[in-house]
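Hello,

Here is the structure I promised to pass on to you. Have a look at it first, and then read on for what turned up in it.

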Amino acid sequence: MAAADSNQRLALIKENLAEVLNEEIIQKILDEGKHPKIYWGTATTGRPHCGYFVPAIKIAQFLAAGCDVTILLADIHGFLDNLKAPLELVMHRAEFYRHIITAMLQAVGVSTEKLRVVLGSSYQKSPEYVMDVYKMASLISEHDAKKAGAEVVKQTDNAPLSGLLYPILQVLDEQYLDCDAQFGGMDQRKLFTAAKEWLPKLGYRERAHLLNPMVPGLHGGKMSSSDPDSKIDLLDPPETVAKKIKKAVAAPQVVEENGLLAFIEFVLLPAARLRGSGEFRVDRERDGLEPLVYTDIEKIREDYKSDVLTPQLLKPAVARDLNALLAPIQEAFQANKEWQEIAEKAYPPPPKKEKKVKNKGTRYPGASKEQADGADKELPIRPNGETPN
């Protein structure tokens with residue numbers, strides 16, 4: 001395979017990444033005309049939202065660059081991380097993730113032929129894997145395990161021991177998933193550097209690590225599953241998407257921590273390039289002007305800083321393109337009864353709160369104490385000895 005082709009593939013793999021550790025590992029594989037094996041893991045806890053498009057677009061680029069990609073649905077990790085999700089829900093959520101992540105990649109138009117989806121519990125309970133967990137636990141200090149998982153595992157004053165196991169499992173996954181590189185966010189950097197040090201302790205080879213920048217959400221901070229206003233669900237209808245985008249924080253002429261500009265840079269523009277057009281278009285018909293057509297983020301930033309591109313123009317364009325990405329995902333969901341049933345089990349609606357009937361008392365004005373006591377006696381007694389309110 002030509003060196004130019006190898007360089008093009010590497011450029012696509014590295015596009016928009018914040019950092020690459022041990023890049024030479026990937027370069028060597030590409031120079032030999034082979035396919036780098038990359039894995040990305042996600043703990044199957046909160047419901048996936050539009051923030052998941054950031055890693056999904058990179059995975060789509062890896063596939064377009066001819067890489068073999070493994071997605072690890074880390075069900076056991078999800079349970080270990082301070083019990084974020086009950087064990088019985090984690091399994092249903094893993095299936096939900098499998099459906100929705102595959103649909104996200106197909107929405108961008110890349111082939112998923114070289115995509116493999118693996119459930120963590122399918123191999124993390126094997127005798128060999130468990131023995132390696134014990135071996136690594138004997139070689140790694142409590143301090144180093146805490147440090148490695150500091151930005152990934154939920155930290156509490158009296159944390160369960162499972163939080164110390166979490167980074168050990170993630171490091172061993174590189175070996176057991178037979179990858180050449182692991183992909184993740186900059187919040188996992190400490191864990192990735194730990195993997196470079198820990199794996200050789202068991203006689204296993206080092207891997208490369210591909211780090212995505214931390215992309216601000218719609219309100220400038222992190223897009224969170226637990227904050228409904230900071231996220232857009234992948235199954236939200238178009239009008240809800242438009243409404244949430246309209247509420248997004250986007251100060252005029254301010255490009256720093258601007259969630260909308262970040263979404264264009266890391267999702268909409270790369271998605272447009274994967275689908276062939278490579279354009280982000282902003283309509284200005286209402287002002288009687290020609291549309292603004294962009295192919296790179298620098299020009300978008302420049303126009304936003306100079307107020308040529310205003311939040312009022314930007315928001316409808318982002319909502320339009322995001323809805324276009326979501327449409328095939330939602331169509332796939334509506335056409336798949338099994339997926340709908342899994343969604344109900346994975347994310348059941350919260351139980352309805354019983355409306356409490358306020359006891360206004362029986363001492364109406366003028367009632368005697370005997371009358372009030374008699375009214376109290378008429379109240380039925382529940383098995384636990386309480387009377388209803």
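Glu257 lies in the loop between helix H10 (238-247) and helix H11; helices here are DSSP runs of H or I with at least four residues, strands are runs of E with at least two, and both are numbered from the N terminus. Although Glu257 is not a glycine, its phi is positive, at about 55°. Glu257 counts as exposed, with 57% relative accessibility (exposed is over 50% relative accessible area, buried is under 20%, and partly exposed is in between, with a 1.4 Å probe and protein chains only).

Asn22 is another non-glycine residue with a positive phi, here about 60°. Asn22 sits in the loop between strand E1 (19-21) and helix H2 (23-31), and at 15% relative accessibility it counts as buried. For background, most residues other than glycine have a negative phi.

A word on the model itself: it is predicted, so local features need pLDDT of at least 70 and side-chain atom pairs count only at pLDDT 80 or more, while totals for chains, interfaces and linings use all residues. Residues are numbered from 1 along each chain as its sequence is written, and side-chain values use heavy atoms, with hydrogens and water left out.

On to the chain overall. It has 15 helices and eight strands, and buried residues make up 47% of its 389 residues.

Next, a pair of helices. The axes of H3 (residues 53-64) and H11 (residues 259-274) come within 9 Å and cross at roughly 35°; axes are lines fitted to C-alpha atoms, for helices over the stretch in contact, and angles run from 0 to 180 degrees between N-to-C directions. On the H3 side the contact (heavy atoms within 4.5 Å) is made by Phe53, Val54, Ile57, Ala60, Gln61 and Ala64, and on the H11 side by Phe263, Phe266, Val267, Pro270, Ala271 and Leu274. Eleven of these residues are nonpolar, one is polar and none is charged (Ala, Val, Leu, Ile, Met, Phe, Trp, Tyr, Cys and Pro count as nonpolar, Asp, Glu, Lys and Arg as charged, and the others, Gly among them, as polar).

Finally, is His209 buried or exposed? His209, in strand E6 (residues 208-212), is buried, with a relative accessible area of 0%. Leaving aside residues up to four places away in sequence, His209 touches several others, including Val20, Leu21, Phe192 and Lys196. Its side chain also joins that of Glu174 in a polar contact of 2.6 Å (a pair of N or O atoms within 3.5 Å; within protein, one must be able to donate a hydrogen and the other to accept it, and residues adjacent in sequence count only if both atoms are side-chain atoms).

Best wishes
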